[in-house]
Amino acid sequence: MIIILLGPPGAGKGTQAKVLAERLKLPHISTGDMLRQNVQARTSLGLEAKDFMDKGALVPDELLTEMLKMRIAGADTGEGFILDGYPRNKSQAGILDAMLKKMDRELDFVAYLDAGEPVIIQRLSGRLVCRSCGSNFHVTNMPPKRKGICDNCGGELYQRQDDKVETIKKRLEVYLKETSGLIDYYSKQNKLHRISADGASSVVLDQVIQLAKGADDSLKV
Ligand code: AMP
């Protein structure tokens, strides 16, 4: 099953995608995580992408497309995959459609995680991310057992550069201008399922799973 998680920054796409990936035994493909790994490893892609990311702007398609194409063609994607953070605009949706068509595959399901601005700002401004394994925590909603240390791998927790309040506002503007048009794009294809993402992540996950099962009754969860 090929799934897209769509929604504003802070709707919980990364958190949901990680758990969903474990439950459905599908790889989680996050363009944001892949870009951050490139920034950390100081690859030429990472060096070019960093400025855009720090400002909360979109990284241009010509930098991203090859990275995504290689990942989607990976050996572990035969049963499907979960895309988190891609596509971010209609141009990317078209690029993805073309990639899938070439591979003779089809998108099955789009979960639109809808969250309001106060929730988004509260979530993102308190988010902590593990430098080693990428797990997410939150200063108040989901604090780690030991301050600054990842519960899962003992790695160092940090605040993402783009999770500062000013950059969050810029990312929300970019979302409204570029990404929100995809709601209509996927609705017209009858693939979009709206889920309120203001509540607890376990409740959101249950809804995503129920709707995904409705879209594909062979799904084993
Ligand atoms: P995310 O982790 O999905 O919030 O992404 C963090 C940042 O990475 C974004 O603010 C963009 O700068 C960049 N990024 C991630 N995915 C994309 C994408 N599909 N298109 C353009 N830029 C992206």
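## Residue N38 and its surroundings

Apart from neighbours within four places in sequence, N38 touches T43, L45, G46 and M67, where contact means heavy atoms within 4.5 Å. The residue belongs to helix 2, which spans residues 31-40; helices (H or I, at least four residues) and strands (E, at least two) are DSSP runs, numbered from the N terminus. N38 counts as buried because its relative accessibility is 17%; buried means under 20% relative accessible area, exposed over 50%, and partly exposed in between, with a 1.4 Å probe and protein chains only. Between the C-alpha atoms of N38 and K50, which are 12 residues apart along the chain, the separation is 9.0 Å.

## Basis of the description

The structure is a predicted model, in which local features need pLDDT of at least 70 and side-chain atom pairs count only at pLDDT 80 or more, while totals for chains, interfaces and linings use all residues. Residues are numbered from 1 along each chain as its sequence is written, and side-chain values use heavy atoms, with hydrogens and water left out.

Strand 4 covers residues 109-114, and six of its six residues are buried. On one side these are F109, A111 and L113, and on the other V110, Y112 and D114, so that both faces of the strand are covered.

Strand 4 pairs in the parallel sense with strand 1 (residues 2-6) over four bridges; two strands pair if DSSP finds at least two bridges between them. Within this pairing, I4 has V110 of strand 4 as its bridge partner. Strand 8 (residues 192-196) also runs parallel to strand 4, and five bridges join the two. Here A111 has H193 of strand 8 as its bridge partner.

Three strands form an open sheet in the order 6-5-7, with antiparallel pairing. Strand 6 (136-138) and strand 7 (157-158) are at the edges; each has a single partner strand, so one side of each lacks a neighbour in the sheet. Two bridges link strand 5 (residues 127-130) to strand 7 in the antiparallel sense, and V129 stands opposite Y158 of strand 7.

## Helices 7 and 8

Helix 7 (residues 165-179) and helix 8 (residues 181-188) have axes that come within 6 Å and cross at roughly 35 degrees. Such axes are lines fitted to C-alpha atoms, for helices over the stretch in contact, and angles run from 0 to 180 degrees between N-to-C directions. Helix 7 contributes Y175, E178 and T179 to the contact, and helix 8 contributes G181, L182 and I183.

## The ligand site

The ligand is surrounded by 16 residues, of which the closest are T31, R36, A57, G85 and Q92; a residue is near a molecule if one of its heavy atoms lies within 4 Å of it. An N or O atom in the side chain of T31 lies 2.8 Å from a nitrogen atom of the ligand. A polar side-chain atom of R36 is 2.9 Å from an oxygen atom of the ligand. For A57, a backbone N or O atom lies 2.6 Å from an oxygen atom of the ligand.

Technical notes
A polar contact is a pair of N or O atoms within 3.5 Å; within protein, one must be able to donate a hydrogen and the other to accept it, and residues adjacent in sequence count only if both atoms are side-chain atoms.
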